There are 2 protein chains.
Amino acid sequence: MTRGRPRDATVADRVVAVAGALLREGGYAGFTVDEVASRAGVAKTTLYRRWPTRDHLVAAAVATMLAETPLRDTGDARADLVRATLDIAAGLRAQTRALIAELVAYGARHDDLGSFLRELWTQRRQAASELIERGTARGQLRSGTDPAMLIDALVGPLYYRVLVTGDPITDDYVRAMADAALSGVAGQAEVPE
Amino acid sequence: MTRGRPRDATVADRVVAVAGALLREGGYAGFTVDEVASRAGVAKTTLYRRWPTRDHLVAAAVATMLAETPLRDTGDARADLVRATLDIAAGLRAQTRALIAELVAYGARHDDLGSFLRELWTQRRQAASELIERGTARGQLRSGTDPAMLIDALVGPLYYRVLVTGDPITDDYVRAMADAALSGVAGQAEVPE
C-alpha cells in the first residue's frame with residue numbers, strides 16, 4: 001500500500017532490484033533464485049509463481065536495467081542521439097564486462113532468455129530508428145540517413161570496447177565517436193528552406 | 001616430410017585444423033580433446049604433450065583462424081583498411097554467432113583462455129594502428145586521425161551486428177560503413193604538397 005501502489009508491485013520491484021544487484025555482483029553463473037528469495041525476504045514459492053524460471057527473473061532484471069534510461073525526443077535529434085549514446089555507455093560502465101559478455105553470449109543462443117533479450121534490444125533500436133526518422137524529416141539529419149547504420153555506428157563501438165578490447169568508454173570518447181558517426185553517416189544537416 | 005615440412009608440423013597443422021572445424025560445429029561447450037584426437041587420428045597423449053589443456057588447443061585453433069587473414073600494407077591505407085574490414089566480416093560470417101559470443105565471453109573473463117584471446121586481438125589492433133599511422137604519414141588519412149577510434153568505427157559495428165542485433169554483415173554493408181567511418185573519423189585525405 002506504500003505510496004498508493006499495490007503491495008505485490010512493491011514486492012516485485014524489490015525482488016527485481018535484488019535480482020539486478022545479484023547479477024551485477026556475481027554474473028549469470030552465480031545467480032540463483034534461492035539467493036534472490038533470501039535477500040529479498042520473500043518465499044521461493046512466491047517468486048516461482050511470478051517468474052517460473054531463473055531465466056525469467058534474469059530477464060526481468062535486465063529489462064529493468066534498460067528501462068532506467070528511456071529514449072527521449074526533445075525535438076533535437078542530434079542532441080537526443082548523443083544523450084542516448086551517453087546513457088548506453090553509462091549503463092555498460094555500470095555492469096561488469098563479464099556480465100555483459102555472458103548476457104550477449106546467452107542472447108546469441110536460441111534459448112528463451114536469448115529470444116527475450118533480443119526482443120528487448122529490438123524494441124530499443126526500433127524507438128531509436130523512429131527518432132532518427134523524425135530528425136531526418138525535420139532536416140536535422142541528412143535526408144536518406146539509414147537509421148540502422150547510424151545506430152550501429154553510435155552503439156557498435158561501445159559494445160566492441162566493452163566486450164572485445166576492454167578499452168574504457170569515457171563520455172569524451174562517446175562524444176567524439178558520436179560526432180564522427182553523425183558527420184559520417186548523417187552528414188551535415190541541410191538547412192530547411 | 002610432405003612438401004619439405006617436418007612431420008610433426010604436419011600433424012600439428014592437422015590437429016589444429018580439426019580443432020577449428022570442431023569448434024565451428026559444436027562451439028566451445030561441445031569441444032573435447034577426445035574428439036579432436038579421434039578425428040585427427042592422433043593419440044591423446046601426443047596431443048597433451050603439445051597442448052597441455054583443452055583451452056590450449058582452443059587457443060591454437062582460434063589463433064590459426066585469425067592468421068588466415070593477415071593484414072596487408074599495399075601502400076594504399078584506405079583500400080587496405082576496407083580489405084581488412086571485409087576479411088573480418090568474412091571471418092565472423094564463417095563462424096556461428098554462438099561460438100563468437102562464447103569466445104568473447106571468455107575474452108572478457110580474466111582466465112587463461114581469456115588472457116590469450118585478448119592478447120591475440122591486441123596484436124591485431126596494434127598492427128592495424130601502425131598501418132593507419134603509416135597511411136596518415138603518407139597523407140592518405142587526415143593528420144591527427146586517432147587509430148583506436150578509426151578501428152572501433154570500422155570493426156565495432158560488425159561485432160555489434162553479430163553479437164547483439166543478429167543483422168547480417170554483407171560486403172555492401174561493410175563497404176558503406178567503412179566509407180562512413182573513413183569520412184567521419186579520417187576525413188578527406190589532404191593532398192600532399
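Visitor: What rotation superposes chain B on chain A?
Guide: In this predicted model, a rotation of 180° with 0.1 Å of shift along its axis does it, with an RMSD of 0.1 Å.

Visitor: How many residues are in contact?
Guide: 32 residues of chain B are in contact with 33 residues of chain A.

Visitor: What area do they bury?
Guide: About 2800 Å² between them, 70% of it on carbon and sulfur atoms. Buried area is the accessible area (1.4 Å probe) that two parts lose on being put together, summed over both.

Visitor: Which three residues of chain B supply more of its share than any other three?
Guide: B:Asp152, B:Tyr160 and B:Val164, with 22% of the area that chain B buries against chain A.

Visitor: New topic. Where do α5(B) and α7(B) meet?
Guide: B:Ala77, B:Asp80 and B:Leu81 in α5(B) meet B:Leu131, B:Ile132 and B:Gly135 in α7(B). Helices here are DSSP runs (H or I, at least four residues), numbered from the N terminus.

Visitor: Parallel or antiparallel?
Guide: The axes, lines fitted to C-alpha atoms over the stretch in contact, cross at roughly 155°. The two helices are therefore roughly antiparallel, a term for angles over 145 degrees on a scale from 0 to 180 between N-to-C directions.

Terms used
Residues are numbered from 1 along each chain as its sequence is written. Chains are lettered from A and ligands numbered from 1 in the order in which they are written. This is a predicted model: local features need pLDDT of at least 70, side-chain atom pairs count only at pLDDT 80 or more; totals for chains, interfaces and linings use all residues. Side-chain values use heavy atoms; hydrogens and water are left out. Angles under 35 degrees count as roughly parallel, over 145 as roughly antiparallel, 65 to 115 as roughly perpendicular and the rest as oblique. Contact means heavy atoms within 4.5 Å. Copies are superposed by least squares on the C-alpha atoms of residues with pLDDT of at least 70 in both.
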